[in-house]
Amino acid sequence: MEFSIAKNLGFGGSIAVIIGILISFIPALSSLGSILMLLGIILVLVALRGLSEVYGDESIFWNALGATIAIILAWILFFVFLATTVLSPLGVMASAIALILVVAAVATSALLWYRALGALSSRSGVRMFRWAAILYAISSVIFVFGLLLTIVLIGIFILLIAGVVDLLSFILLALGFLSLKTPVTPALQGMKLKPVELP
């Protein structure tokens, strides 16, 4: 994949996720927001696949893919947790197991996303990617605290804060893609241009 295509896909995907997160705060448009976020994440993954080829570092893509799978699993388990909490007669044990698995999946996602964007930051020289990963990790921690407090009203407020921090993380990600400069290939780095002889 060409560098410019990967860069544009990454930027476009990040913007789609940002719009999706913003729309998700509107109850009537939450399903559209989810579709936009999913589409955006797919575009970002495709972009990271291309950039991992450009920079010769496959860990960028594979860590990002692992992070995505982990966060999707976390959301599925989150709904399982909510279902078992509401239907408390099913047993506290099922709810506790679901909660532990959600926390593990969120932590795994944060770690892998940090590794992916950290590697991209090191290869590209764009520090914005590392800051995006840090904010994502912070949003993950806030999300876990909010999840633990979902029984009380403050838990929902904390989950909203996690969403806002996540939004900031993807804004930095978009700016990171926008800041990417065309890399100089090793072949070009070692090549010296010969002076042109005028007649």
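How do the residues of the lining of the largest pocket divide into nonpolar, polar and charged?

Modeller: This is a predicted model, in which local features need pLDDT of at least 70 and side-chain atom pairs count only at pLDDT 80 or more, while totals for chains, interfaces and linings use all residues. Residues are numbered from 1 along each chain as its sequence is written, and side-chain values use heavy atoms, with hydrogens and water left out.

The lining of the largest pocket divides into 28 nonpolar residues, nine polar and one charged (Ala, Val, Leu, Ile, Met, Phe, Trp, Tyr, Cys and Pro count as nonpolar, Asp, Glu, Lys and Arg as charged, and the others, Gly among them, as polar). Of the 38 lining residues, those nearest the centre of the pocket are Ile 21, Met 37, Trp 75, Phe 143 and Asp 166. A pocket here is an open set of points on a 1 Å grid over the protein atoms alone, where a 1.4 Å probe fits, with protein on both sides within 12 Å along at least five of seven lines, and lining residues have an atom within 4 Å of a point. Its space comes to about 1300 Å³, the volume being that filled by probe spheres set on the points, which are joined across faces, edges and corners.

At least two lining residues come from each of H1 (3-24), H2 (30-54), H3 (59-86), H4 (92-124), H5 (128-148) and H6 (153-179), and H3 gives the most, with 11. The chain as a whole has seven helices and zero strands, helices being DSSP runs of H or I with at least four residues and strands runs of E with at least two, numbered from the N terminus.
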